[in-house]
Amino acid sequence: MGAWVPSTPIVRVISVGCVVLLAGLGYAGVPAHAKGAKLFVNNTEVVTILTGSATFTPEKRALSAANAIKASSAFEVSSAREGAYGIVRLGVAKVMTIDAAEAKAHRRSVDELTKEVADKLKKAVDSVAFILASKKVWMPIGGTVEVEVTGPAASKTMLKFDPVGPAKATQRDGTITIKGESVGESKVTVTYGQRVETLLVNVMLPAATIGVPSTAYVMGRPADKATVANAATRAALAVIASAPGAQVSVEAINPPELVPAQKGSTKVRATIRALGRYPVDAEIDVELKNEGMLDTVSEELWYSNHPETITQIGRLYWGRVQEGKGARVLYHHLNSVGSKIEVKYVLVNTQDRPARVAVTLGDAPVHINPTYAGYMAGEQFFPRWVRGSASVIEVPPHSAVPIVWETVGLNESASGLLALHGVEGSALFIGDAVASLVSRPSGNFAYTMPTTSLADDPTNLVGQAQHVYSPAEKSLKLNYVVGERWGYIRIGQEAVGRVDDDGKLDGNFGIVYKVEALLTNPTAIATEIEFVFESSAGYTGAFFRINGLVYRTPLLQPKTTNQFFKVTLAPGESKTFYLETIPLSGGSYPCTVTIKPVGVG
């Protein structure tokens with residue numbers, strides 16, 4: 001299908017609150033009034049009556065004429081000589097009779113004064129014969145604008161274009177329809193009698209053209225609304241061809257959650273503005289599909305934390321997502337450059353065929369408190385990760401697609417957790433700190449940024465994978481028996497090594513802990529068991545999945561505790577609990593989970 005230009009359907013320009021209405025809609029007559037012996041029509045003096053009689057003074061003659069004008073629904077002015085008198089009519093209504101005495105008082109003949117009054121009345125009437133709803137319109141090429149004309153002569157106006165080129169206009173039943181055909185300005189002259197109005201028409205190139213998007217794919221059980229929104233906006237952005245320097249804003253409207261194999265749809269609201277271009281506002285229909293669950297695990301942890309404190313712009317991370325492989329990414333950087341910077345992570349495809357990468361996003365807002373930033377990244381990531389919720393991002397050949405892009409103020413921290421899984425082909429994962437030169441939206445605005453061609457992208461593609469840790473998880477087993485020693489789980493204590501044997505990851509930030517805890521109650525009494533988190537080494541918090549459900553602790557001051565889970569074991573009962581957690585950026589580790597009877601110790 002061909003590209004289409006949004007905002008080119010008919011745009012009606014209508015007047016609001018006009019005094020003059022279409023005749024067929026109850027036109028109320030020409031406004032007229034008398035002020036002494038002066039007759040005013042549409043606030044324009046038509047004549048001053050100089051003669052009269054004792055019973056029909058000049059003032060009364062002026063008032064009578066004003067009333068006759070207001071009572072008429074006509075707008076055609078005529079004049080005629082009837083015997084010794086000159087008669088001025090509005091439609092069929094006689095407005096004024098001019099005799100020899102009145103003409104002599106004006107130093108005119110009867111015919112001269114009759115014509116003069118009729119001409120002035122016609123000019124005043126014509127001034128309210130029609131009203132344009134707008135005096136200037138902007139429109140895109142191929143677009144149509146309807147400008148409503150109101151007033152008693154609305155359907156009888158005449159049109160003239162100067163020049164003829166950029167637009168064409170037709171008129172029917174009081175509506176001027178203008179179609180833009182080429183870039184440029186036109187002047188439409190609208191006339192009726194002595195009334196002349198000018199309508200300026202500016203035909204512009206649109207700020208963007210929009211094609212038909214491909215289906216947006218997600219994964220997860222279910223894929224949450226934010227994940228679906230990211231996939232939908234990325235699909236919409238892929239078909240927006242915007243003008244150079246355009247500002248593009250996209251937002252998914254009420255995206256649904258999707259379970260595996262479920263299809264759906266959503267609308268993406270697109271707003272595109274560019275200097276010298278016609279603004280584009282569109283709602284793009286995007287089809288959706290959940291492709292199921294990921295069948296790969298994150299075999300490696302990519303640790304983007306060197307340097308943790310950024311003192312100059314430059315490379316933050318480089319890795320390669322392989323088809324059928326997965327990696328978990330932790331990024332955590334504090335801006336100490338001296339001014340605002342932008343932290344961005346992009347997927348880059350240098351190959352000749354598309355690459356598809358499933359992205360689970362945990363993108364926290366930047367924050368002055370690095371521990372809070374890391375905690376919020378966990379809050380975003382953990383519920384999506386446990387459900388496998390991911391947007392499947394297609395990276396076209398020789399292109400780059402941003403997945404994280406944030407503005408970071410001085411002394412603020414950018415923190416996030418991601419899961420990347422290669423669905424098809426391979427892609428580079430590149431992180432950079434760059435100068436912040438323009439105003440940007442708050443938060444992660446990557447999903448409002450278009451895909452870029454590598455030919456136009458200055459990103460340095462050369463790099464080497466560093467700070468890669470594997471395995472990206474630690475498995476532990478624990479047996480706790482009621483009445484015996486409490487159960488203890490130490491998180492972040494035994495550091496995982498780098499794959500190049502060049503160091504270890506103190507604190508195991510970003511490493512998944514998988515704990516299989518068998519709880520047994522051999523006593524004859526039902527016992528309530530609690531899981532208690534302790535911030536053993538300092539300020540931190542945590543998220544846990546226990547048997548499929550997510551639990552959290554608040555951020556805790558050093559050496560404080562929080563009960564985050566409890567269960568009752570019946571006499572003689574045993575239960576196995578599967579616990580998962582991830583040490584969070586900015587927190588202090590190791591920390592401790594204690595399993596013990598409620599209220600003891």
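Which residues lie nearest the centre of the largest pocket?

## The largest pocket

They are Ala 246, Trp 405, Arg 440, Met 449 and Pro 450, among a lining of 34 residues. A pocket here is an open set of points on a 1 Å grid over the protein atoms alone, where a 1.4 Å probe fits, with protein on both sides within 12 Å along at least five of seven lines; lining residues have an atom within 4 Å of a point. The largest pocket has a volume of about 930 Å³, taken as the space filled by probe spheres set on the points.

This is a predicted model, in which local features need pLDDT of at least 70, side-chain atom pairs count only at pLDDT 80 or more, and totals for chains, interfaces and linings use all residues. Residues are numbered from 1 along each chain as its sequence is written, and side-chain values use heavy atoms, leaving out hydrogens and water.

## The second largest pocket

Next comes a pocket of about 370 Å³. Its lining has 18 residues, with Thr 296, Val 297, Ser 298, Trp 385 and His 421 closest to the centre. Two or more lining residues come from each of α5 (370-387), β30 (413-424) and β38 (512-520); helices (H or I, at least four residues) and strands (E, at least two) are DSSP runs numbered from the N terminus.

## A look at α5

Let's follow this helix along. Asn 369 caps the N-terminal end of α5, with a side-chain oxygen 3.0 Å from the backbone nitrogen of Thr 371. Just after α5, Gly 388 has a positive phi of about 65 degrees.

Methods. Polar contact = N/O pair within 3.5 Å; in protein donor to acceptor, adjacent residues only side chain to side chain.
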